[in-house]
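Subject: Structure handover

Hello,

Here is the structure for you to take over. Please open it first, then read the notes below.

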Amino acid sequence: MSFTTITQFENELARIANEAATSGAVPAAQPAQAPQHLVDKFQSMLAQVEPNPHAAHTAGPNIVTKAVEEQSDYYRQVPNDVLYMSQHMSSLSMERIAAADMTVQLEIASLNADLQVKMAAVQSSKDAVQTLMKNQ
């Protein structure tokens, strides 16, 4: 995972923790020392990790890294197709231009649908974590 992705995860986790703390999700009877201790421990563990994108490859295949790399390849394909189409427009027949246009539109629609499904899964997981925090 890249440093940017780690930073985004840290920011999102901090935001969720702040929302849970300010909304009163943690009951007053529960000692505040234990959750804060866990938060401090987690933050210190994250601070000790040095961002190294090649570390995941040495430890074996990581499913998250693999998924991110595959998604990155898909996202690179669309601009490459558009660039190819714009550079070769004069040499392509109208049928080929129409086919290339449809291909690019299909790729964009597919990526959009894939992104929406992944965002729904993330939102569902976030809601589940918030519910769990409220119930404790």
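Asp73 is partly exposed: its relative accessible area is 44%, and that class runs between the cut-offs of 20% and 50%. Keep in mind that this is a predicted model. Arg76 is also partly exposed, at 47% relative accessibility. The two side chains meet in a salt bridge, with N to O at 2.8 Å. Both residues belong to helix α4. They sit three residues apart, which is about one turn of the helix.

How many salt bridges does a search of the whole structure find? It finds two. The other one pairs Lys118 with Asp114, at 3.1 Å from N to O. These residues both lie in helix α5, four residues apart, again about one turn. Lys118 counts as partly exposed because its relative accessibility is 37%. Asp114 comes to 27%, so Asp114 is partly exposed as well.

Now the overall picture. The protein chain has five helices and zero strands. Along the sequence the pattern reads α-α-α-α-α. Of the 136 residues, 11% are buried. The accessible surface is about 10700 Å². Carbon and sulfur atoms contribute 63% of that surface. Take the contacts with a separation of 6 or more: residues 24 or more positions apart account for 69% of them.

On confidence, please read with care. The mean pLDDT of the chain is 75. A value of 70 or more is reached by 71% of the residues. Where is confidence lowest, and where highest? The lowest is helix α3, residues 55–58, with a mean of 51. The highest is helix α5, residues 94–135, with 88. Over residues 26–34 the pLDDT falls below 50. Beyond near neighbours in sequence, that stretch makes four contacts in the model.

Next, helix α4. This helix covers residues 63–87, 25 residues in total. From its first C-alpha to its last, α4 reaches 36 Å. That is close to the 36 Å expected at 1.5 Å a residue. At its start, a side-chain oxygen of Asn62 comes to within 3.1 Å of the backbone nitrogen of Val64. Which residues of α4 are buried? They are Thr65, Gln71, Val78, Asp81 and Met85.

Helix α5 has 42 residues. At 1.5 Å a residue they should span 62 Å. The end C-alpha atoms are 61 Å apart, so the span agrees. Buried in α5 are Ile97, Val104, Leu111, Lys126 and Gln130. Note Lys126 in that list; Lys118, by contrast, is partly exposed.

One residue pair deserves a look. Gln77 is found in helix α4. Its relative accessibility is 37%, so Gln77 counts as partly exposed. Gln77 and Glu107 are 30 residues apart in sequence. In space their C-alpha atoms are 8.4 Å apart.

If you have time for a few items, take these:

- The Asn62 side-chain oxygen at the start of α4.
- Residues 26–34, where pLDDT is below 50.

Over to you.

Best wishes

Note on methods
Residues are numbered from 1 along each chain as its sequence is written. This is a predicted model: local features need pLDDT of at least 70, side-chain atom pairs count only at pLDDT 80 or more; totals for chains, interfaces and linings use all residues. Side-chain values use heavy atoms; hydrogens and water are left out. pLDDT is the predictor's confidence in each residue, from 0 to 100. Helices (H or I, at least four residues) and strands (E, at least two) are DSSP runs, numbered from the N terminus. Contact means heavy atoms within 4.5 Å. The expected span of a helix is 1.5 Å times one less than its number of residues. Buried means under 20% relative accessible area, exposed over 50%, partly exposed in between (1.4 Å probe, protein chains only). A polar contact is a pair of N or O atoms within 3.5 Å; within protein, one must be able to donate a hydrogen and the other to accept it, and residues adjacent in sequence count only if both atoms are side-chain atoms. A salt bridge is a side-chain nitrogen of Lys or Arg within 4 Å of a carboxyl oxygen of Asp or Glu. Accessible areas come from the Shrake-Rupley method with a 1.4 Å probe; for residues, only the protein chains shown count as cover.
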